[in-house]
Amino acid sequence: MSDAPKVRVRFAPSPTGYLHIGGVRTALYCWLYAKQKGGDFILRIEDTDQERSTDEAVQVVLDAMQWLGLDWSEGPTVDGAPTLGGGDHGPYFQTQRKHLYAEYADKLIADGKAYRCYASKKEIHEARQAFEKEHGKGFKFQSPWRDRDASEGDPSAPHSIRFKAPKTGVTGWVDKVKGRIDVPNDTQQDFILMRSDGLPLYNFGCVVDDHAMGITLVVRGDDHVINTAPQILLYEALGATSPEFGHLPMVLGKNGKKLSKRNTEVAVAALDYRDLGYLPDAVLNYLARLGWSHGDQEIFTRDELIAKFDWEHVGSNASKYDLKKFLHVQSQHLRMLDEDTLATMVVPFLKARGLEVAADNATLRAALGPVKLRAATFIELADGLDYFFRDDVTYEEKAKKKFLKPELAGNLEKLAEIVESASAFDEETLERDVLAWTEPAELKMKFVAQPARVAMTGRTRSPGLYETMVLLGRDKTIARLRAAAEVAKQAEPA
RNA sequence: GACGCGUUGGUCUAGUUGGCAAGGACGUCUGAUUCUCAAUCAGAAGGUCACGGGUUCGAUCCCCGUACGCGUCACCA
């Protein structure tokens, strides 16, 4: 039996009002790893930035994680979802763990690894300005309190707590994705552990929580590599073994810049993809594959991802977000759904267009097959289904102009007649009867089919002619053909 | 400026003890099919593996340098 400690990974978002798609990828890799190893996946809310951390902002994170199906074994609890959250390392909100940070800070002070710094913000600010005027960036505040005797200060006066950083040596680690990284200690400064208001700064809160929660691997974006050496220094000062670290490269927008809300061309908030009609599994698949690979495989189910994920094949360079490929992955996943699921899931999207359709509606069931071949998202699927459930067709302007014109009205009327008198209302019969008309007349199909398509659907693109007729039903087909014929007669001749 | 990270066709990438005509996918284009679109099938174009030096019989893979890109330098996270 192995004594390898149980894998415990955490995702620690700060609630900013939306869950960034890049954050989802970080969460996903952690989650996959935990699932694969039978470990724990912990969700911790880093809400020490109190202006931004509202209840709603937290809720958005929880909703997004739930929608994506990234279930956490420990973390905030959710009403109605008894399997989510809980755990005996709580609370899972940083603001509720203040006593812990104070405790750890006191210990460090007692051990001579940290000290109280009474320098005022003003004092520091001035020192910085003086430095930057001469040397530019790179200011490191040298607190006079580092070497003073503690008795010179008054602990009841406002003060921060600073780490007594070593000035020599090198701190390094083997990063799960980037490999060996070493940074000389003389680049460190006596960074602040606790602010004067009693809240921990990121590096400290993070270490205290990760340590107290028994995290074995810390995974985060690579904008955090700079924080890792200081954190390792802290683990050492606490006499604790530090966890492993893995830093994921950034996700970039098309312009090569960090993907952000400013990059309006793509949605960056995870929940936007729900509203856009994407499947959680597709989002996960695309994100997993963005920066990770498994040979030539592109499409993965959720279970395959869990089984095949590995850190060795996580790339160490930033990648650009490509919506086209994402859409392709999405369409592949859409096709993998069985009819029941598809029907159930498209219903809300139909409703959003004002169409109340039951999931077991026969027309819906029948139309799903042909329509889903032409759709990638649920929005597109609902759009392709739309005209089957409306009383009247709305013609696209261009379609109307091109096909509903006087010289084609006759074809529509003739077609209506054929449909009306067909001996049976099925695709074979309809096709036979229509060809019996067009072939002797040497009438090209496109002069019949295209106007008819516009008549029945309002558009120039749809499933096949006879297929659409059958889905629509005989009465509606005839009515729409005749209505369109009238419209065509009124139109200006070309 | 300092420190760190990165660099394979437009994009995501495969390439692991250096010996391939550098593979796949998205996208693009062509053809087949059809009443349209999509799907499908068959093809095509697109790479001096950032650049320059080494090491080697031989480098996308090893070493050094250069360029470019990105990230971070807070009592934010």
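In this predicted model, C117 is buried, with a relative accessible area of 0%, where buried means under 20% relative accessible area, exposed over 50% and partly exposed in between, as computed with a 1.4 Å probe on protein chains only. C30 is likewise buried, at a relative accessible area of 0%. A search of the whole structure finds 0 disulfides, a disulfide being a pair of cysteine sulfur atoms within 2.5 Å. For C30, the closest cysteine sulfur is that of C206, which at 12 Å is too far for a bond.

Because the model is predicted, local features need pLDDT of at least 70 and side-chain atom pairs count only at pLDDT 80 or more, while totals for chains, interfaces and linings use all residues. Residues are numbered from 1 along each chain as its sequence is written, chains are lettered from A and ligands numbered from 1 in the order in which they are written, and side-chain values use heavy atoms, with hydrogens and water left out.

Helices (H or I, at least four residues) and strands (E, at least two) are DSSP runs numbered from the N terminus. Helix α8 is largely enclosed by the rest of the structure, since 8 of its 10 residues are buried; these are P280, A282, V283, L284, N285, Y286, L287 and A288. The buried residues of α8 pack against α1 (21-37), α2 (55-68), α7 (270-275), α9 (302-308), β11 (319-320) and α10, contact meaning heavy atoms within 4.5 Å. Just after α8, G291 takes a positive phi of about 105°.

Helix α8 (residues 280-289) packs on helix α10 (residues 323-336) at an angle of about 135°, with their axes 9 Å apart; axes are lines fitted to C-alpha atoms, for helices over the stretch in contact, and angles run from 0 to 180 degrees between N-to-C directions. The two helices α8 and α10 are therefore oblique to each other, given that angles under 35 degrees count as roughly parallel, over 145 as roughly antiparallel, 65 to 115 as roughly perpendicular and the rest as oblique. On the α8 side the contact is made by D281, A282, V283, N285 and Y286, and on the α10 side by K325, F326, V329, Q330 and H333.

A further pair is formed by helix α15 (residues 406-421) and helix α17 (residues 446-457), whose axes come within 9 Å and cross at roughly 80°, so that α15 and α17 are roughly perpendicular to each other. Their contact involves L408, N411, L412 and L415 of α15 together with F447, V448, P451, A452 and A455 of α17.
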